[in-house]
Amino acid sequence: MQIGMVGLGKMGSNMTRRLMRADHECVVFDLDADAVKEMTDEGARGASSLEELAEMLEPPRAVWVMVPAGDATEKTVMDLAEQLADGDIIIDGGNSYFKDDLRRAERLDGTGIHYVDVGTSGGVWGLERGYCMMIGGPEEAVERLDPIFKTLAPGRGDIERTPGREEKDGTAEEGYVHCGPTGAGHFVKMVHNGIEYGMMQAYAEGFDLLHSVGRYDLDLADVSEVWRRGSVITSWLLDLTAAALLKDSGLSGFGGFVQDSGEGRWTVQTAIEEAVPADVLSAALYTRFRSRQEHTFAEKVLSAMRRGFGGHTEPE
């Protein structure tokens with residue numbers, strides 16, 4: 001299948017590579033000409049502008065936008081819409097606020113251009129592991145994009161099936177799911193990231209306690225490793241923590257400054273709007289705010305996990 005990719009950062013470039021490995025034709029654009037050249041050297045077709053990208057694609061066209069959420073996404077989607085036509089699809093695969101999806105889709109209403117929102121999880125490991133995708137938008141457009149989603153997704157792999165799952169149809173076991181109409185994908189991804197904050201905070205506080213106790217001289221690399229083997233708290237986040245502690249048990253390479261992507265804030269804000277208690281998620285978000293003022297070992301653990309899955313670095 002042919003697809004356009006706008007935004008060739010860590011995830012956009014690796015998603016393009018994964019698609020090309022499966023023989024999809026990718027037409028790419030980025031404001032950084034060097035990023036475009038890198039992809040064209042690997043087999044993509046490069047465009048020097050959104051207008052040229054649209055001209056290089058065959059109707060009905062599909063363009064995946066993978067740029068930072070907020071003003072950059074807003075401008076890209078609207079500028080791109082001017083180059084597209086009835087039957088084309090714009091996919092926002094970044095970390096956009098679901099209410100922005102509703103507004104953008106409304107602005108595109110009447111143009112015939114479909115808007116699809118895809119909450120994408122996988123970080124810098126997605127090229128090899130695949131990307132978990134939570135999708136919102138019109139069913140017709142989502143179905144047309146199925147070959148793209150299937151390629152980007154991790155597939156069933158060796159994960160044991162949930163008992164009784166064989167009686168339920170769908171693509172969730174493949175690592176992608178159509179959650180519902182416009183905004184549903186980014187809404188589910190928003191809550192996913194809120195949960196991520198809470199899980200990371202629980203690990204961080206636990207390791208802080210292990211690190212701080214004076215009674216025992218604990219090898220935290222060994223503790224994290226044994227927890228990976230059959231315990232009820234095993235997870236990819238624990239895998240990343242174990243790797244970081246094995247490399248540097250004191251996490252001296254991490255300052256403890258922990259950024260938030262925005263989705264944690266939106267999750268808490270939505271919980272307030274819906275009057276849903278979210279004590280853990282709220283506390284985890286506030287801890288990230290505090291980390292910018294004082295740094296504990298817990299915050300270094302958070303920073304280590306964040307760098308592990310997303311390649312996020314701390315501000316200078």
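**Close-up views of a predicted model**

The count of disulfides (pairs of cysteine sulfur atoms within 2.5 Å) comes to 0. This is a predicted model, in which local features need pLDDT of at least 70 and side-chain atom pairs count only at pLDDT 80 or more, while totals for chains, interfaces and linings use all residues. Residues are numbered from 1 along each chain as its sequence is written, and side-chain values use heavy atoms, with hydrogens and water left out.

**View 1. Cysteine 132 and cysteine 179.** The cysteine sulfur closest to that of cysteine 132 belongs to cysteine 179, and at 8.8 Å it is too far for a bond. Cysteine 179 is likewise in no disulfide. Buried means under 20% relative accessible area, exposed over 50%, and partly exposed in between (1.4 Å probe, protein chains only). Cysteine 132 counts as partly exposed because its relative accessibility is 34%. Cysteine 179, at 31%, also counts as partly exposed.

**View 2. The salt bridge of arginine 17 and glutamate 42.** A salt bridge is a side-chain nitrogen of Lys or Arg within 4 Å of a carboxyl oxygen of Asp or Glu; the structure holds 20 of them. In this view, arginine 17 meets glutamate 42 with an N to O distance of 2.8 Å. The pair links distant parts of the chain, 25 residues apart: arginine 17 is in helix α1 (residues 10-21), and glutamate 42 is in the loop between α2 (33-41) and β3 (45-46). Helices (H or I, at least four residues) and strands (E, at least two) are DSSP runs, numbered from the N terminus. Arginine 17 is buried, at 15% relative accessible area, whereas glutamate 42 is partly exposed, at 40%.

View 3. The closest N and O atoms of glutamate 263 and lysine 189 are 3.5 Å apart in a salt bridge. Glutamate 263 belongs to helix α12 (residues 263-273) and lysine 189 to helix α9 (residues 184-212), 74 residues apart. Both glutamate 263 and lysine 189 are buried. Salt bridges with shared partners join Glu74, Asp92, Asp100, Arg103, Arg104 and Arg107 into one network. Glutamate 174 and arginine 156 form another salt bridge, with 3.3 Å between the closest N and O atoms. Both residues lie in the loop between α8 (146-152) and β8 (176-180), so the pair ties together parts that are 18 residues apart in sequence.

**View 4. Isoleucine 91 in the largest nonpolar core.** A nonpolar core is a set of buried Ala, Val, Leu, Ile, Met, Phe, Trp, Tyr and Cys residues joined through side-chain atoms within 4.5 Å. The largest one has 30 residues, and those with the most contacts inside it are Trp64, Ile91, Val116, Met133 and Phe149. Beyond its neighbours within four places in sequence, isoleucine 91 is in contact (heavy atoms within 4.5 Å) with residues including Ile3, Ala62, Trp64, Val116 and Leu145.

View 5. Strands β5 (residues 89-92) and β6 (residues 114-121) pair in the parallel sense over 4 bridges. Aspartate 92 has aspartate 117 in β6 as its bridge partner.

Definitions and conventions. Pairing = 2+ DSSP bridges.
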